Structure formats: C-alpha cells, structure tokens
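Subject: Structure handover

Hello,

Here is the structure I promised to pass on. Please open it next to this message and follow along.

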Amino acid sequence: MSNIDLIIEERPADIGNFLVGRLLPFKGKRMVGPFIFIDHMGPANLSDHHNIDIGPHPHIGLSTLTYLFEGNIMHRDSLGSDVEIKAGEVNWMTAGKGIVHSERTPEYLRTSDKVLHGLQIWVALPKDLEQMEPSFFHAGAGEIPVWEEDGVSYKLIAGTALGKESPVPVYSRQFLIEIKAPERKTIKLGDKIFGEVGLYVLEGTVENDGEQFEPRRILVAKNSSLCEFTMEAGTTVYVFGGEPFPEERHIYWNFVASDLELIEKAKKDWADQQFPAIEGETGYIPLPLGAFSLRQKS
C-alpha cells in the first residue's frame, strides 16, 4: 500500500520581476511540520539587463531559508547583515517580532548573463518564540554536513536527522535533507525521521509502490515511519518536515502568526513605516491590497 497521502504540483507565482513555482501553502495541505511556504526559483537564465530586485519588505513570526543550486543573491537586512548567498550555502534569517530585508543581484553581476536556481522556504516559529528578537545566520557550503552511504549522497541543510545535526539554528524539531542518487537506489528513512514528511522531487524520477513521480512536485507521506522510496539514476530530492505545531497558523503577505492580532499590528506598522530600516536601501514594497490571507492549520 502506498504511503503517499497527497501530491502537490508546482503552480506558477509572480514575485515581481521573476516567476517561481509555488509548492506551499497548498489548499489541501497548508503546512508540513513547521514548513509553511516553499518556492522553487528557476532555473532561470537572466540576461545582462535582467536582475533580481526584491526591495525592502518585512517579515514576522518565521525563519526564512534560502538555498541556491546555482546563482547568487545579495541579502541585506535591518540587523545590518550584508551577505552574498552563493550556491550550496544556507541563508537563515529569523524574523521574530519583525525584520526587513532585500534580495538583489550582486552589483558585480548586474551587467552579465547569469543563472538563478534554488529554493526559498519559510519555517514558522513556535508560539512562544513568535515575538523573539530577530537574528541572522549564514553557513558556508563547507559547514553543512555532507556524507555518502551506499553510493548515495546526503546533505543535512537544516535541523537534525539521520544521526547528524546542521549548524543552522532552528527553533523546533525539523529537518531538510538533500539526497542525490547517481544510480537507481531504494532509500529507507522511516526509523530516522519524525513528524510530518514531505519529499520534493527536483530532478529525476521517484518510485513508490510501483508508481513513478516526475520532478516539480511534493509527495506528502501518510506516516513518516513508513518513508521508503526508490530513486532512479540521476535523481535529486529534498526530504523535509518535522513535528507539527498544536496551534493553527495564519499567513497574510509576508507575515506568519498564531494570533491574528499580531498580523494586524504588523500590517499597520508596515503601512506606517514603523519597522526598522535597512542601511543603504531606499524605498520599500508597500502592503499589497490583494495580499493572500489564509488560516493555516498544521
């Protein structure tokens, strides 16, 4: 019997001057563990006059995780962080009670052809930490646990799983694992992971109970203890999830909270320009009139 409870396919979403594939939230599954938002960026070939320019915008109640397969993004935030994100590195920004950041093509690449490909993820904070002080952490590619078992390559991008721990400072029990199989292999994770589990097929093919699944979709497991699948040669997947929260979550635009009053306050504060500023940045993205507003149940 298949252990797949739900299949979520990418849907196109416009984030300004860039089109992404949205995976979460989804009407049939708002969260997987604490993971509340996932966008697949690219792969996009950007010309010498096409750059990423996502101006200053706010967040509350979550941590953002940016992980690039290819390309470069310059991250700046209201804490004073000014860091270029490169392929294989992990950018982890915790908004807590409020932070502002921008994401742009680095200056030295703005007149060159370039490629951008990666994942942008939001992880909701536990209720007692939603109003924590904001923080920022960046891990170089060499700081992330990488190992090989039976010819399969593993990387623990965030959290704790498979007997390893990532240096990324997460705030609840969770995991994000990259798995690459150069040859056909069966992967058994059931006794090594926990909570709710999603599997994102980036490239290649995954087989479960005789059924094959192509790229750009998430497979949500019915039971983490039964998590077993076969990867065809040349397949890359991302396994993510963890312990779900007991309270529902709400999303409005870039704000996540268990209490709608926190979102209403954030909306007013941003409209009144009461969030902290980013040094060296001008302008800001206004609160959109048509921002999506969803009650998130974990």
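First, the ground rules. This is a predicted model, in which local features need pLDDT of at least 70 and side-chain atom pairs count only at pLDDT 80 or more, while totals for chains, interfaces and linings use all residues. Residues are numbered from 1 along each chain as its sequence is written, and side-chain values use heavy atoms, with hydrogens and water left out.

**Cavities**

Rolling a probe the size of a water molecule over the atoms shows where empty space is left. The search uses a 1 Å grid over the protein atoms alone, and a cavity is a set of points where a 1.4 Å probe fits but cannot get out. Lining residues have an atom within 4 Å of a point. Grid points are joined across faces, edges and corners, and a volume is the space filled by probe spheres set on the points.

Over the whole structure, four cavities of 30 Å³ or more turn up. The largest cavity holds about 120 Å³. Its lining has 14 residues, and I4, L199, L219, A221 and C227 lie nearest the centre. Four strands each supply at least two lining residues: β18 (196-203), β19 (206-208), β21 (217-221) and β22 (228-231). Strands here are DSSP runs (E, at least two residues) and helices are runs of H or I (at least four), numbered from the N terminus. By type, the lining has 10 nonpolar residues, three polar and one charged. Ala, Val, Leu, Ile, Met, Phe, Trp, Tyr, Cys and Pro count as nonpolar; Asp, Glu, Lys and Arg count as charged; the others, Gly among them, count as polar.

The second largest cavity has a volume of about 60 Å³. Its lining is L46, I52, G71, N72, T105, P106, L109, K114, V115 and L116. Strand β11 (residues 114-124) gives the most, with three residues. This lining splits into six nonpolar, three polar and one charged.

**A pocket**

A pocket is an open set of points with protein on both sides within 12 Å along at least five of seven lines. The second largest pocket contains about 230 Å³ of space. It is lined by 15 residues, and K97, G98, K265, D269 and F275 are the closest to its centre. Helix α1 (residues 260-271) provides the largest share of the lining, four residues. The lining comprises eight nonpolar, four polar and three charged residues.

**Strands**

Strands of a sheet pair through backbone hydrogen bonds, either parallel or antiparallel. Here two strands count as paired if DSSP finds at least two bridges between them.

β17 and β22 pair over four bridges. K188 has E228 in β22 as its bridge partner.

Elsewhere, β7 (residues 72-77) and β8 (residues 82-86) pair in the antiparallel sense over five bridges. I73 stands opposite I85 in β8. The two strands form a hairpin with four residues between them, and G80 in the turn has a positive phi of about 100°.

**Backbone details**

Two cis peptide bonds deserve a look. The bond from L24 to P25 is cis, with omega near 5°. P25 sits in the loop between β3 (19-24) and β4 (35-46). The bond from G42 to P43 is also cis, with omega near 5°, and P43 is in strand β4.

M41 is in strand β4 too. At 3% relative accessibility, M41 is buried (under 20% relative accessible area; exposed is over 50% and partly exposed in between, with a 1.4 Å probe and protein chains only). M41 and P25 are 16 residues apart in sequence and 15 Å apart in space, C-alpha to C-alpha.

Which residues other than glycine have a positive phi? D150 does, with phi near 55°. D150 lies in the loop between β13 (146-149) and β14 (152-161), and is exposed at 62% relative accessibility. D209 has a positive phi of about 55°. D209 is in the loop between β19 and β20 (211-213), and is exposed at 55%.

Best wishes
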